[in-house]
Amino acid sequence: MSFRICPRCSGFVEVRPLGKHFQIRCSQCGASYKTKPGEVGDPVAAYLRFMDVMESGEPAQRADVKSRRPPSRYDREPKRRPRSKEEWKKVLKQAGVESVEQLPEVVQRILSDSAFHLVKYRQFPETAPESGCQVKDAPLNDRLKAVLEQQGVTQLFKFQEEALQHILAGRDVVISAPTATGKTEAFALPIIEQILARQKGWGPLRAAEKRAVQAVFIYPTKALARDQAGKLATLTSSVGLDVAVLDGDTPKSERGAIYRQPPDILITNPDMLHVHLIRPRDPIRRLIRTAQHVVLDELHVYVGAFGSNVHFLLRRLQRICPPLQLIGASATIANAQEFAELLFGRSVVAIHCATGKKGIIHFMMLYPERVSQSTMIASVAQELVRSDMKTLVFANTHKNAEVINLIARRTRMSSAVHRAGLPMSYRRKVEDDFRRGELDLLVSTPTLELGIDIGDLEGVVSMLVGITRLTQRIGRAGRKGQDSIAVLALRANDAISTYYREHPDDYFTDIDPAYVEPHNEVVAHHQLIAAALDMPLVQDEFAEFEPVIEQLLKEGLFSESRGKLRPNIIATRRILARYSIRGIGDTVQIVHKGKIIGERQMPMAMGELHPGAFYLHGGTTYESLEFEYRHGVGRAVVERLPVGHREMTQPLRHVDPEVIRVLNTRQVYGITVHYADLRMTEVVTGYAIRDIYTDKILKIESLDQPLEFTYPTKGFFFTAPHPVKAITATLASKQIKSKPERVLKGADEDEEITEEDLLIGGFHALEHTLIESSDMLTGGGSHGIGGVSMGSTGLIFIYDGSPGGSGLSKLLYDRLEEAFRRVTVIIKECTCEDLDGCPACTYSYRCGNNNWPLFKDGAFEAADLALKGVKVNTAVSPELTEEPLV
């Protein structure tokens, strides 16, 4: 028996197995449905089938659903299975309170649903940052002091005072502080002060002055830039300074006004600067030549390949502007100073604010017991909305957001989705509707993490992310000082969620580090072209990238003249025209009926758009008919599939690693681990077709022509200890069965698992669990890391999945001791009894070998031996003779 939400009345639905059937029935409105024999294979699939029938417009199908009474527009409150007294005792003990009356009423209602397991309840008190000097004593212009006092600010916080001192002294600075604590004022006040100090006139006297941009404030998104412009204008307008936003949405008339009368502070984004710097006579380039300060706000966003591009962009700005002061502002991250120094390429002063939150936050970490993560999120949001709490739900992907929004609407909530890929006009309308209270609920991808004003919130529900991003998300609520509710929704059958369910306190100390790879040679190839278009390169510039420069000369993209390197204008601009600083890798365009509907980058495109692949785009499923890629350009021709398509594809692939150069070596307990430049060759050989509802493999197909992509990257490799005891014990027991149906691929049904299968499976499972659990240590980057285990040798490669490297694998390399420890905890505490493990411990949804072979006990023993200090050496140039598994 399982319990879920009725899409008609929000009541509680029971799903009961009846022989070869499933009976689905709502205890509130009486809607019921019985599946046909063999139609579905499990309760989840039965419930989804029930939902499909309820939503269908076909009378014949709707007749399958029997109802005791018609739905009512007032049926908003879901009927829950109440907890027993014993269950409530466990909940209260977990919450750390003596009686239920100590909890807010809405929290009581959420926890009354026994379909959710309370992992952690914590009440975060209202806290204020440490106090600093009085505004009257601050080293600020009297006009600026008057503006602050008019706004009711009579005292600075300590971190703002420190920022003021260091920025006024001309030092490069990084400021990290919680959301809504005054980071903007911390960097804006000293910059405005310096602009005022350089000012020759005031009021009418300034009208005759020749204006020039003196500071450039860079924000990662256009929406955030415009949102912050209003906040900055309240500071600058009262002291006679100007602020203007210049981005792709700026109307032509406004651009002309900006060019004629430059603002003191220009607000823009990295993409705008990258595009316009390469044009010597571009008016935007001329505007910023006079800038003396550059601020990079939301610094923690500039990670991976995007961060590598921004690193080069800052170097390019320093070539054409006066000596620049660089300032970064960030949410709380574990390595703010180290990250800023990598991004800026020079030393910085780190200023940190540890506390600061208006209002009390009631925080709950929930685990779904008998419902899906999405259903749990929608149900929690419904309780918040019923309590008249303006609520924002954060999903991690487009698909998650659409599913949660669909469930929310089925429970009669007025909700909408806010995500990238939707038209800007639509997103702004959604923001306005939510701000005005015309929507009960807003479901957003990370697009609303960065502080865009959507009004006052009382409730935030988030899918699993690291504590840094969660702090950003829940910082949106309670900004006026009112109490707020924050919920972190874990996911069933997930290695990380399983770990945090048993060790919730670790979540609060796993502060996300930020990562960037400033020596990414793929990014360097494009950014050196851009730098040469900015102005010719002189000798010894970018000396650390001499091999890249030599390659550009060899390709005829650069030529040397009078000691300078000059670009081939036509050829290099053609290359940059198809380059995005927010991604990396060659682009494959998705074509439907002759029209480009989207794009994906290699190597991901190869696995998602190979011939025969089913691809979800904008809520519609397409099938890829053709895939073509050569000379750095590709296209996939697709056709739309009927609504209700039930199948998905998973690529079958292997990866061949090659070690180019070892960059660093260290001992992790007794294991020698090398961090290196690598060359990876990914090959897609076929694909499995799965049923969406049951996940059962329906068919395995081979590609007529395998797809191959080779790219340089960075990563580390080591040799794992051999799990001899686990193999011996398993072979001696009666656990050995024939190979699972999903991996037979035509083999005899009685083919047995061998000793070699177990050895290979142990290493393969160890590689999976290291990667799948790495989000806890790298800040949610497992999707950007790849792994390869080399057969029975024990050699394991873990690498950045983007060309040139992103810095993610380096984070895991630096924290590999803790990674091994968490692998042992995850596997030991998983309750599954399967030889190969399960999705909560050893499976990977990205496995190119259908999660075979895997050996759970072997992975545990290998990791445990590592923790015990067993010595295993790894050659700098290992022999790669066995078949790789990913």
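Contact means that heavy atoms lie within 4.5 Å of each other. The model used in these exercises is predicted, so local features need pLDDT of at least 70 and side-chain atom pairs count only at pLDDT 80 or more, while totals for chains, interfaces and linings use all residues. Residues are numbered from 1 along each chain as its sequence is written, and side-chain values use heavy atoms, with hydrogens and water left out.

**Exercise 1. The nonpolar cores**

Task: Find which residues touch the most other members of the largest nonpolar core, and list what F820 is in contact with.

Solution. 
Step 1. A nonpolar core is a set of buried Ala, Val, Leu, Ile, Met, Phe, Trp, Tyr and Cys residues joined through side-chain atoms within 4.5 Å. Buried means under 20% relative accessible area, exposed over 50%, and partly exposed in between, with a 1.4 Å probe and protein chains only.
Step 2. The largest core has 102 residues, and L317, L766 and F820 touch the most other members. Helix 20 (residues 521–534) supplies the largest share of this core, 8 residues. Helices (H or I, at least four residues) and strands (E, at least two) are DSSP runs, numbered from the N terminus.
Step 3. With neighbours within four places in sequence left aside, F820 is in contact with V668, I671, F718, L766, L770, A863, A866 and L867.
Step 4. Another core, of 42 residues, lies apart from it; V135, L156, F159 and I327 are among its members.
Background: in soluble globular proteins, nonpolar side chains tend to be buried together.

**Exercise 2. Aromatic pairs**

Task: Classify the ring pair Y302 and F306 and the ring pair F716 and F718.

Solution. 
Step 1. Rings of Phe, Tyr and Trp (its six-membered ring) pair if their centres lie within 6.5 Å; planes under 30 degrees apart count as stacked, over 60 as edge-to-face and the rest as tilted. By this rule there are 18 aromatic pairs.
Step 2. The ring centres of Y302 and F306 are 5.3 Å apart and the planes stand at 45°, so this pair is tilted. Y302 and F306 are both buried.
Step 3. For F716 and F718 the centres are 6.4 Å apart and the planes are at 20°, so the pair is stacked. F716 counts as buried because its relative accessibility is 0%; F718 is buried as well, with a relative accessible area of 0%.

**Exercise 3. A cluster and a charge**

Task: Name the residues that form one aromatic cluster with F508, and state which residue lies over the face of F508.

Solution. 
Step 1. The cluster is formed by F124, F363, Y499, Y500, Y507 and F508.
Step 2. A charge sits over a ring if NZ of Lys or CZ of Arg is within 6 Å of the ring centre and within 35 degrees of the ring normal. R122 lies over the face of F508, 3.9 Å from the ring centre.
Step 3. Elsewhere, the charged end of K390 sits over the ring of F434, at 5.4 Å from its centre.

**Exercise 4. Helix 18**

Solution. 
Step 1. In helix 18, the buried residues are A495, I496, S497, T498, Y499 and Y500.

**Exercise 5. Backbone details**

Solution. 
Step 1. The peptide bond from M602 to P603 is cis, with omega near 5°.
Step 2. Although D388 is not a glycine, its phi is positive, about 60°. D388 counts as exposed, at 71% relative accessibility.
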